[in-house]
Amino acid sequence: EKMSKSMYNVVNPDLICETYGADTLRLYEMFLGPVEQSKPWDTNGIDGVNRFLKKFWRLFFNGDDFAVTDEKASAEELKALHKLIGKEEGDIETFSFNTTVSSFMITVNDLTAMKCHKREILEPLTILISPFCPHIAEELWEMLGHNETITYAHFPDFIPSLAADDDITYPV
């Protein structure tokens, strides 16, 4: 049986890399869904992943200026970071990369809302994103003042108490 040409959606990954960069393509592929499942290819999602990476990049800058500070992180910022560390640890074990990417998006939105430019948060965040976006991570790692590749950086330790939600007691 013949299939019409319109049934095929051929997308050259080289064109995506030229337009958006290799990290956007990598992250998009991981974001599509569980590794073991087949997924429909839809290039519309690439724009969203690219916007996320630009937002992630902007955490390190104030306008055009590199703006990472040595200011101490707040409990709220540490909570966002450690929730992500715990999520990524578990997801990598089960190859659930798509849920890690979703958690990254939530964390970056939260940190953006907090106007976080703190090294204590952004340095481990860069390590966390490096398996997904190695080119961006390597560039930011160098900007953070490191001379050795991020590949050798220690994966951040998960501290459950920092990720814990506050307990609230409701009288009944």
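Cys133 has a relative accessible area of 0% and is therefore buried, a word used here for under 20% relative accessible area, with exposed meaning over 50% and partly exposed the range in between (1.4 Å probe, protein chains only). Cys116, at 1%, is buried too. A search of the whole structure finds zero disulfides, a disulfide being a pair of cysteine sulfur atoms within 2.5 Å.

This is a predicted model, in which local features need pLDDT of at least 70 and side-chain atom pairs count only at pLDDT 80 or more, while totals for chains, interfaces and linings use all residues. Residues are numbered from 1 along each chain as its sequence is written, and side-chain values use heavy atoms, with hydrogens and water left out.

The protein has eight helices and two strands. Both kinds of element are DSSP runs numbered from the N terminus: helices are H or I with at least four residues, strands are E with at least two. Along the sequence their order is α-α-α-β-β-α-α-α-α-α.

Helix 6 spans residues 119–129, and nine of its 11 residues are buried. Among them are Ile121, Leu122, Glu123 and Pro124.

Thr107 itself lies in helix 5, which covers residues 97–113. Its relative accessibility is 6%, so Thr107 counts as buried.

From helix 2, the residues involved are Leu27, Met30 and Phe31; from helix 5, they are Phe97, Asn98, Val101, Ser102 and Met105. Six of the residues in this contact are nonpolar, two are polar and none is charged. Ala, Val, Leu, Ile, Met, Phe, Trp, Tyr, Cys and Pro count as nonpolar, Asp, Glu, Lys and Arg as charged, and the others, Gly among them, as polar.

For the whole protein, buried residues make up 35% of the 172 residues. Of the contacts with a separation of 6 or more, 72% join residues 24 or more positions apart.

Notes: Contact means heavy atoms within 4.5 Å.
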